[in-house]
Structure formats: C-alpha cells, structure tokens
Amino acid sequence: MRANLDSLISLRDYCLMGGYDFAYLNKPLIITEALKKGAVKRLSETLDFWVNATRYNALELHQKGYEFAIKTRLIHSYARLSIKKHYKNWDTENWGEPINSWDMMATYIGFSLVFLHSLHKLGNTFSVQEEQGLFHLWKYVGYLLGIPENLLPENKKQATEFFYMWTSIQPPADKDSVLLAHSLLNESLENPILKYKFQRRNLRYLHICCTWFLLDNDVCKRLQIPEVNNRKAFPVIKRMINKIYDKLVSRKRRIQKGNKDQMKVLTDYLNITANSNFH
C-alpha cells in the first residue's frame with residue numbers, strides 16, 4: 001500500500017509483462033483463450049485478487065483475501081483438468097503439467113522478489129522488516145493456492161536461487177508471447193475508464209516508457225514493445241519524485257493514501273468490467 005500506484009505499475013509493466021517473455025509459462029493462458037477474454041478483464045481479475053490479498057487482516061479465515069486465494073486455487077484446478085481432458089496437443093514433455101507447481105512458484109516470486117526489484121528501480125525504499133513481511137505474505141498466499149511449501153522461498157536469497165533455477169530451463173518469448181504483450185499494451189486504448197482518446201493514448205505511452213525502463217532491452221525487443229521517443233523521461237522523473245516524497249511524507253500517511261488510490265483503481269476496473277462488453 002505504501003508504494004501506491006507504483007505497485008500497480010510494477011505489477012503490470014514489469015511482473016506481468018516480463019512473465020510473457022517465458023514462452024512455456026504462457027501456454028495455459030493461450031489455450032484457455034485468455035486473449036479472447038481481453039486484457040481489461042484479465043487485469044481487473046488480477047488486480048481484484050492482488051488488492052484483496054494485501055489489505056490488513058485480508059488473509060484471516062474467510063476474509064476476502066483468503067476467499068480469493070481459495071477461489072483461485074479451484075480455478076487453477078479446473079483449468080488444469082480441462083486442458084488435460086480437452087487439449088490433445090498439450091506438450092507435457094516440454095511444458096510440464098498445465099499450471100504446474102514449478103511454474104506457479106515462479107509466478108508468485110513475481111509478486112515478491114520481482115515486485116520488490118521493480119519498486120526499487122522506481123525509487124522506493126524498504127526496511128528489512130517490510131521485505132521479510134512481503135516474502136512471508138506471499139509464502140502464505142502460495143500455500144493457500146496449493147504450491148508445495150518447499151517451493152516457497154523464505155527470503156530474497158532463496159527466491160533468487162529458485163527463480164534462477166527456473167529461468168535456466170525456460171525458452172524465451174514466442175509468437176504467443178508477443179500477442180499477449182500487445183494485448184496488455186493495447187488495454188489502455190480499449191479501457192473506457194479514461195474518457196478521451198488522447199488520454200488513453202498518453203496512458204499507453206507512459207506504460208510503454210515504464211516497460212522499457214523496468215525490463216531489459218532484449219526482453220522488450222523479443223516482445224516487440226514499440227520504441228517511443230523520450231522513453232526514460234517519465235520513469236526517471238517518477239523516481240526523483242518518489243525519493244522526495246519518501247522523505248517528506250510520513251509512512252502512515254503514505255499507507256493511507258496508497259490504500260485509497262489502489263482501491264479507487266480497483267473500483268474503476270470492477271465498474272468497467274461489470275459492463276457485458278468485457279465479460
């Protein structure tokens with residue numbers, strides 16, 4: 001919550017976009033036709049899960065975050081069984097089982113280690129206690145989702161080792177990866193939260209700038225992220241503002257404002273996706 005909208009930028013333009021660079025990881029998304037559902041709906045669902053899993057007391061028994069985790073576990077189970085039953089061309093030898101524990105571990109390291117790295121690049125700082133707390137949070141969420149406990153890292157060192165091992169056997173982006181990446185980029189143009197076209201085009205430009213700033217150039221090129229002018233300006237200015245804001249505003253105030261702003265974005269997305277066009 002303290003990182004405010006930087007959290008959402010990190011999740012979208014670094015964690016999610018960067019995940020598209022791993023071809024095999026994305027095969028369940030392609031096969032379950034996530035592209036047809038559209039990036040607006042997919043972002044809304046991911047945001048709904050993340051926000052509700054990261055509020056105070058959210059993971060206590062039968063609280064909203066706890067229920068989201070169990071619901072997601074059931075969705076994964078259904079998708080796994082459905083893919084194995086109906087998709088005869090699933091390449092188990094190369095891709096592993098659909099939505100397997102190893103890939104899920106990597107995905108949830110995206111919410112901890114990769115997320116922290118992105119926020120740091122945007123000029124946010126964390127205490128040792130906050131860092132430990134984030135790993136503990138996502139270890140418990142991962143446990144609720146059914147990921148084996150021995151695959152859930154305790155700290156940054158373990159997470160780095162696990163993620164390195166996972167990436168060492170992953171092939172880079174393929175044509176499906178590019179399709180997913182561009183669907184995410186164009187979400188800003190499709191999303192009617194902003195009223196005017198020039199606002200949507202500007203938002204897309206800002207997301208492209210953040211993607212180039214946060215991800216390696218090679219990843220951006222593989223995903224065919226458009227090259228835009230002055231792409232470093234927005235992230236660099238944001239980084240400077242964050243460092244000043246961090247010194248001038250109390251931690252408690254930043255948490256309160258971050259919670260309010262994140263909830264506002266979630267409410268806007270939920271209102272939009274309630275429209276039948278995004279079902």
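A residue is called buried when its relative accessible area is under 20%, exposed when it is over 50%, and partly exposed in between, using a 1.4 Å probe and protein chains only. The model is predicted, so local features need pLDDT of at least 70 and side-chain atom pairs count only at pLDDT 80 or more, while totals for chains, interfaces and linings use all residues. Residues are numbered from 1 along each chain as its sequence is written, and side-chain values use heavy atoms, with hydrogens and water left out. Helices (H or I, at least four residues) are DSSP runs, numbered from the N terminus.

**Salt bridges in general**

- Side chains of opposite charge can pair when their charged atoms come close.
- A salt bridge here is a side-chain nitrogen of Lys or Arg within 4 Å of a carboxyl oxygen of Asp or Glu.
- By this rule, the model has 17 salt bridges.
- A network of salt bridges links Arg2, Glu130, Asp246, Arg251 and Arg254.

**Arg12 and Glu187**

- Arg12 pairs with Glu187 in a salt bridge whose closest N and O atoms are 2.7 Å apart.

**Lys27 and Asp174**

- A salt bridge joins the side chains of Lys27 and Asp174, at 2.7 Å from N to O.
- Distant parts of the chain are linked by this pair, with Lys27 in helix α2 (residues 27–31) and Asp174 in the loop between α9 (156–167) and α10 (175–185), 147 residues apart.
- Lys27 has a relative accessible area of 8% and is therefore buried, whereas Asp174, at 24%, is partly exposed.

**Lys156 and Glu131**

- The side chains of Lys156 and Glu131 form a salt bridge of 3.5 Å, N to O.
- Since Lys156 is in helix α9 and Glu131 in helix α8 (residues 128–144), the pair ties together parts that are 25 residues apart in sequence.
- Lys156 is partly exposed at 40% relative accessibility, and Glu131 is partly exposed at 23%.

- Ser112 is located in helix α7 (residues 101–121).
- With a relative accessible area of 3%, Ser112 is buried.
- Contact means heavy atoms within 4.5 Å.
- Apart from neighbours within four places in sequence, Ser112 is in contact with Leu134, Phe135 and Trp138.

Key:
Helix = DSSP H or I, 4+ residues; strand = E, 2+ residues; numbered from the N terminus.
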